[in-house]
Amino acid sequence: MKIRLLYFAALREALGVEHEVVETDARTIAELRAELCARGDAYARGLAPGRNVRAALNQVMAAPETLLTPDAEVAFFPPVTGG
């Protein structure tokens, strides 16, 4: 299925890309993240399992086990702090 990916903040800087469209066999956010990590290099470092990275599916916060849908938009970003 086709998924639109968005990357924010330090993750966007590390990957050197704001967004992309990918074809994936992943069924969940966690599987998609693992697929992206398998690309190696910056993806493996930025999206590594131990890294604190949040995800949103169609602009709603999503858990790793959230199911993907065709033509979904998935955003990855580090936690945001502020005051």
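This is a predicted model: local features need pLDDT of at least 70, side-chain atom pairs count only at pLDDT 80 or more; totals for chains, interfaces and linings use all residues.
User: Why is Glu20 called buried?
Analyst: Its relative accessibility is 17%, and buried means under 20%, so Glu20 counts as buried.

User: What makes Glu20 and Arg39 a salt bridge?
Analyst: The side chains meet at 3.0 Å, N to O. The cut-off is within 4 Å, so the pair qualifies.

User: Where in the chain do Arg39 and Glu20 lie?
Analyst: Arg39 is in the loop between helix 2 and helix 3, and Glu20 is in strand 2 (residues 19-23). They are 19 residues apart, and the pair links distant parts of the chain.

User: Is Arg39 buried, exposed or partly exposed, and how do you know?
Analyst: Arg39 has 39% relative accessibility. Exposed needs over 50% and buried under 20%, so Arg39 is partly exposed.

User: Why are Arg4 and Glu73 called a salt bridge?
Analyst: The N to O distance is 4.0 Å, and the rule asks for within 4 Å, so the pair is counted.

User: What does the pair of Arg4 and Glu73 tie together?
Analyst: Arg4 lies in strand 1 and Glu73 in strand 5, so the pair joins parts that are 69 residues apart in sequence. Arg4 itself is partly exposed, at 34% relative accessible area.

User: How many salt bridges does the rule give?
Analyst: The count is three.

User: Which residues have the most contacts inside the largest nonpolar core?
Analyst: They are Leu5, Leu32, Val74 and Phe76, in a core of 22 residues. Helix 2 supplies the largest share of this core, four residues.

User: What does Val74 touch?
Analyst: Leaving aside residues up to four places away in sequence, its contacts include Ile3, Leu5, Leu32, Ala56 and Leu68.

User: What makes up the lining of the largest pocket?
Analyst: The lining divides into nine nonpolar, no polar and two charged residues. Arg33 and Arg54 are among the lining residues, and Arg counts as charged, so these are the two charged ones. The pocket holds about 150 Å³ of space, and helix 2 gives the largest share of the lining, three residues.

Terms used:
Residues are numbered from 1 along each chain as its sequence is written. Side-chain values use heavy atoms; hydrogens and water are left out. A nonpolar core is a set of buried Ala, Val, Leu, Ile, Met, Phe, Trp, Tyr and Cys residues joined through side-chain atoms within 4.5 Å. Buried means under 20% relative accessible area, exposed over 50%, partly exposed in between (1.4 Å probe, protein chains only). Helices (H or I, at least four residues) and strands (E, at least two) are DSSP runs, numbered from the N terminus. Contact means heavy atoms within 4.5 Å. On a 1 Å grid over the protein atoms alone, a cavity is a set of points where a 1.4 Å probe fits but cannot get out, and a pocket is an open set with protein on both sides within 12 Å along at least five of seven lines; lining residues have an atom within 4 Å of a point. Grid points are joined across faces, edges and corners, and a volume is the space filled by probe spheres set on the points.
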